[in-house]
Amino acid sequence: MYVAVKGGERAIENAHSWLAEERRGDRDVAELSVAQIREQLSLAVNRVMAEGSLYDPDLAALAIKQARGDLIEAIFLIRAYRTTLPRFGVSEPVDTGAMACDRRISATFKDLPGGQVLGPTFDYTHRLLDFKLAADGEVPEAPSQPTEPGDVPHVTDFLNREGLIEEAPHDDTPPPDLTREPLEMPAERALRLQALTRSDEGFTLGLAYSTQRGYARNHAFVGELRIGSVPVEMDIPELGFAVEIGEVVLTECETINQFKGSKTEPPQFTRGYGLVFGQTERKAISMALVDRALRWEELGEDFEGAPAQDAEFVLYHADNIQATGFLEHIKLPHYVDFQSELELVRKLRHEAGADQVQEAAE
Amino acid sequence: MTDQSYNFAYLDEQTKRMIRRAILKGLAIPGYQVPFASREMPMPYGWGTGGVQVSAAVLTPEDCFKVIDQGADDTTNAVSIRTFFERTARVETTTATAEASVIQTRHRIPEEPLSKGQIVVYQVPIPEPLRFLEPRESETRKMHSLEEYGLMHVKLYEDISRHGHIATSYAYPVRVEGRYVMDPSPIPKFDNPKLGDMAAIQLFGAGREQRIYALPPYTQVVSLDFEDHPFEASKAAHCCGLCGAQDSYLDEVIIDDAGGRMFVCSDTDYCEARRAAGHKGKDAA
C-alpha cells in the first residue's frame, strides 16, 4: 500500500545534523581553527577570495572550514554572503607598478630593472612528499634582507617605448559591474576580464591550455608575472581627495603574444592580461591567455571556431557557482517531466509496434 | 543564519526594487524575457533562485505563501524554500492552494483554478524557448525581436514527420498574445491550457540565466501546433489511486519489484482535499 511521502522537513534537519558531525570528524583529533586555515592553507584561501570576489582571508578561511574543504562550496558561501553587503563606492584603479612584490619574474628578459624575484614558489621544488611535515617538524626561518623601496616598472613598458607592442587601450569610462548588472553580449574587454578573474580556475586553465595546443594559438610569453600587495585608495566625497583604505595582495600576469599583423593592425606584439586576488598565479596566467584569445575581433584576426575565442561560450560557462548549481540541480525531483516523457515514449513505442514485439517475446 | 540580521525576505530593498522593475516591464510586454541582475542567493543556482528572488520581491508581510515542487508541498526543495521564507520574511505559509496569495512552483500548475489576486511564481531553468535550436543568446534575442520563429515550427514539423507527433512533452512552447514565443518552464504540457486566460498573475524567474518574464491576468497563451496536428494536453490514462480523480496530472509510483505500479495525483493538496471530501480511489486503504 502506497502512502504519500511525508517528512521532508525532518529528513532535511537530520541530514544537516549528520553533515555537521561529518564536518567535525573524529572528535579525538583537535579541531581546526579558522586562523590555522587562513595561515596554513593560504592558497586555498586565495582561490576562495578570488572566485568569491570578496577580499577577506578570515571569511574565506571560515568558508573553507564550513565547506569541509570543498572549495567551490566555500566560494558559494562567500558569494552568497557578498551579495548581502552594501556597496559604498568604487576604489581608484590600483597601481600595480607600485606593488610591494613578493615575486616578480619575466620569461622574456634575462635581467631587467627591478630584477627577477622568485619569491615563495613551488616552481623548482622537487615534488617529493616531505614526511617531516607529517612528523610536525618546525620550519627554520627563511633568510631575509631589506628591500629597496620604489616602483617596479612593467616589462611591457620597455617594449612599448619602441612601439613593438600594442598600446594598452586607455579608457576612463567606469567599467560595468558584473555583480550588479546582467551579463549581456557582446561583452567589452573590461567586462570579460571581470568575468575571467572570478571564473573557475579549472575551466580557465583548460581553455588556456587549449589555446596552447592549437585551438586559437596565440604564442604567449609570460612578459611578466608579479605577486605582491598594493594599496587600495578610495575617493571620499566629504574629504575631496582619495585616502588609502587598505591593502590587497594581487597576482598580475602580462603576456606578450606574437602577432603578424592584420588588415587594421601593423605587425607587433599584442597583450593578454590577468589580474587576480591573492597568490593565484596559475589562474592569472590562464586568464591572460584566454583574454588574448577573446580579443581576436578587435585585433582583426580570424575566428577559428575555437572555444577560447567564443566570448559567449567562455563567459556563460566560466562561473563555477552557476555551473555547479545547474549541474547538481538534476538531483532534484523531476517526477513530473519524467512522467510526461514516459507517456510520450510509451506512445511512440506503441505506434512503432515495439511494445507488441516485447509482449510476443514474453 | 541569524534571522534578524537580514532584511525582510532576505534581499535588500534596492535589489527588490530592481527586480520589481523587471517584473513590471515583463508584465507590460507579456512573454518578453527581461534581463535582470540576478543575485547570488544562499541556495544553489538551478534550485529555484530565480523564483526565490521574484517571490522575495513580491512578498509582503500580509501574504500567505505556498511552495510546491512537482505539485507537492512536501518534496525536499519545496520544504527548503518554504522554510527559507518562514525564517527571513516570517510570512504565513499554507499548503492549501486557495488560501495562498503567492504560490511558488517548480514544474506544475495547481489543479484547482487560481483566482484574481493570486500570484504564481515559476522557477525557470532555461528561459529561452529557442535555446536548444540556437545556443547563442545574441542570436536568439535577434530572432525574438524579428519574430523569426520559423526554426521552432520546422523543429515541431520534423517531430511530426519522424514520430507522427510533436515529441515535446514538457516545457512545451507557447505563443503569447500572438507575439513572443515563450517557455512555460518545464511544466508538463498537460498544464499548458491553464496558462492562458488565467485570473492570477504569472511571474517567471530564471536566476542563473538572469531573466524574468511574466503573463498578466487573462493573457492569451497558445501552445504551438499545426491545423492538422492540434495541440493535445496529455496525461497518463488512469485515475488517481488514492482519490480517484480523473482530471488531474498523475505521478507513476513503483510499489513493488514485480512491475507493480500505481498512479497518484502529483498535486498533493488537490488529492488530500478530495480524499477529505470522501473521494476514494481503487488503491486507497
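## Terms and model

Two residues are in contact if their C-beta atoms, placed from the backbone, lie within 7 Å. The model is predicted: local features need pLDDT of at least 70, side-chain atom pairs count only at pLDDT 80 or more, and totals for chains, interfaces and linings use all residues. Residues are numbered from 1 along each chain as its sequence is written, while chains are lettered from A and ligands numbered from 1 in the order in which they are written.

## Chain A

Take the contacts in chain A with a separation of 6 or more: 64% of them join residues 24 or more positions apart. The C-alpha trace of chain A spans about 85 × 65 × 55 Å along its principal axes. Of the 362 residues in chain A, 31% are buried (20 or more other C-beta atoms within 10 Å of the residue's own, with C-beta atoms placed from the backbone).

Chain A has 14 helices and 4 strands. Helices (H or I, at least four residues) and strands (E, at least two) are DSSP runs, numbered from the N terminus.

## Where the chains meet

The contact takes 42 residues from chain A and 49 residues from chain B. On the chain A side, α1 (8-24), α5 (71-82), α12 (320-328) and α13 (335-352) each give two or more residues. The largest share, 11 residues, comes from α13(A).

By class, this side of chain A has 20 nonpolar, 9 polar and 13 charged residues. Here Ala, Val, Leu, Ile, Met, Phe, Trp, Tyr, Cys and Pro count as nonpolar, Asp, Glu, Lys and Arg as charged, and the others, Gly among them, as polar.

## The sheet of chain B

Chain B holds an open sheet of 7 strands with mixed pairing, in the order β1-β9-β8-β5-β4-β2-β3. Two strands pair if DSSP finds at least two bridges between them. The edge strands, β1 (34-35) and β3 (92-93) of chain B, each pair on one side only.

Strands β2 (residues 64-69) and β4 (residues 102-106) of chain B run parallel over 5 bridges. Ile68(B) has Thr105(B) in β4(B) as its bridge partner. Helix α3 (residues 76-88) of chain B packs on the sheet and touches β2, β3 and β4 of chain B. Its direction makes about 160° with that of β2(B). Such angles run from 0 to 180 degrees between N-to-C directions, and axes are lines fitted to C-alpha atoms, for helices over the stretch in contact.

Helix α1 (residues 13-28) of chain B lies across β1, β8 (201-206) and β9 (211-215) of chain B. This helix runs at about 45° to β9(B).

## A hairpin in chain B

Strands β11 (residues 250-254) and β12 (residues 261-265) of chain B pair antiparallel over 5 bridges. Val253(B) stands opposite Met262(B) in β12(B). The hairpin has 6 residues between the strands, and Gly259(B) takes a positive phi near 85°.

Note on methods: A residue is buried if 20 or more other C-beta atoms lie within 10 Å of its own, exposed if 12 or fewer, and partly exposed in between; C-beta atoms are placed from the backbone.
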